[in-house]
Amino acid sequence: NQMWLFHPRHSGQKYDDALIRRLFDQFQRFSDPVLISYYEENLVVFTHASQRYDERSQMVEDMSGLVTEQAGHYDIVCFDCLATTADVRQAYLDSTQYVGAARKLYPSKQVLRASDILFAGQCQQILADGKNAAQYLRLLSQMEESNPVLLPTAEAYLLDASSNMACAAKRLFVHLNTVKYRLHLIQDLLGYVPGKMPDAFPLYLAVALHRLMNQ
């Protein structure tokens, strides 16, 4: 019910028997059985993960050492709750198509998840349809024209800090109150509350499109 994909970051990466043995030993701590093999150029791992979200999240945390070690060589994606082989096939196709965009959107994430891949795909489709993207690009223009610090603040707050002001302040090297002030400016300017759904969604999508276009 769980699939991990290791997409090579560089062309020409060769079959790595030592890495397969290392992955098998690591994953066997959490799952039995474990299936590992190369498919196309990607290394694929199938496991039987817990039904509980918190236990699956803990598993990803416990894998952090190996993930950190391989992050320079692979983009790593984890798909949970795969019920059928059709789910697996679609997840694999989506991941191979959109992993590059997802990595641009979330450069600091060591392990990308299904939601990251799905959202990256949606962003790519919106960019392909210029008419649909226009409404979000207007939000970007409004922020840039009003104050050049608003857009990077919204980008850090929504994409990098998971709507956590303290984390955003740390990433931007500014005081927490500075982030609060800037978010209030965005709210006054656009009429959307950055930390409240569904208001935050158009802003989230706008800054994601901006990041994809400028990477």
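Is F173 buried or exposed? I started there, keeping in mind that this is a predicted model. F173 comes out exposed, because its relative accessible area is 75%, and the cut-off for exposed is over 50%.

**Entry 1**

I stayed with F173 and looked up its backbone. Its phi is near 60 degrees, a positive value in a residue that isn't glycine. I flagged that because most residues other than glycine have a negative phi. F173 sits in the loop between α8 (165-172) and α9.

Then I went to C81, where phi is also positive, near 60 degrees, again in a residue other than glycine. I found C81 in the loop between β4 (74-79) and α4 (85-105). With a relative accessible area of 54%, C81 counts as exposed, since the cut-off is over 50%.

D32 and P33 are joined by a cis peptide bond, with omega about 10 degrees. P33 belongs to the loop between α1 (17-27) and β2 (34-39). M197 and P198 are also linked in cis, with omega about 0 degrees. I placed P198 in the loop between α9 and α10.

**Entry 2: α6 against α9**

How far apart are the axes of α6 and α9? I have them at 11 Å, with helix α6 (residues 130-146) and helix α9 (residues 176-190) packing at an angle of about 120 degrees. So α6 is oblique to α9; I checked the cut-off, and roughly perpendicular covers 65 to 115 degrees. The crossing is right-handed.

I listed who makes the contact: α6 brings L139, Q142, M143 and S146, while α9 brings I186, L189 and L190. Sorted by class, that is five nonpolar residues, two polar and no charged.

**Entry 3: α5 against α10**

Here helix α5 (residues 114-128) and helix α10 (residues 200-214) cross at roughly 75 degrees, and their axes come within 10 Å. I therefore wrote α5 down as roughly perpendicular to α10.

On the α5 side I have F119, C123, Q124, I126 and L127 in the contact, and on the α10 side Y204, L205, A208, L209, L212 and M213. The class count for this pair is 10 nonpolar, one polar and no charged.

**Entry 4: H210**

While on α10 I looked up H210, which is part of that helix. Is H210 buried or exposed? I get buried, because its relative accessible area is 17% and the cut-off is under 20%. Not counting residues up to four places away in sequence, H210 touches L140, E144, L151 and E155.

**Entry 5: the cores**

Which members of the largest nonpolar core touch the most other members? I noted M3, F79, L105, C123, M143 and I186, out of 45 residues in that core. Some of these names were already on my page: C123 from the α5 contact with α10, and M143 and I186 from the contact of α6 with α9.

Leaving aside neighbours within four places in sequence, M143 is in contact with P148, L150, L151, A154, I186, L189 and L190.

Definitions and conventions. Residues are numbered from 1 along each chain as its sequence is written. This is a predicted model: local features need pLDDT of at least 70, side-chain atom pairs count only at pLDDT 80 or more; totals for chains, interfaces and linings use all residues. Side-chain values use heavy atoms; hydrogens and water are left out. Axes are lines fitted to C-alpha atoms, for helices over the stretch in contact, and angles run from 0 to 180 degrees between N-to-C directions. Helices (H or I, at least four residues) and strands (E, at least two) are DSSP runs, numbered from the N terminus. Angles under 35 degrees count as roughly parallel, over 145 as roughly antiparallel, 65 to 115 as roughly perpendicular and the rest as oblique. A crossing is left-handed if the near helix is turned anticlockwise from the far one by less than a right angle, and right-handed if clockwise. Contact means heavy atoms within 4.5 Å. Ala, Val, Leu, Ile, Met, Phe, Trp, Tyr, Cys and Pro count as nonpolar, Asp, Glu, Lys and Arg as charged, and the others, Gly among them, as polar. Buried means under 20% relative accessible area, exposed over 50%, partly exposed in between (1.4 Å probe, protein chains only). A nonpolar core is a set of buried Ala, Val, Leu, Ile, Met, Phe, Trp, Tyr and Cys residues joined through side-chain atoms within 4.5 Å.
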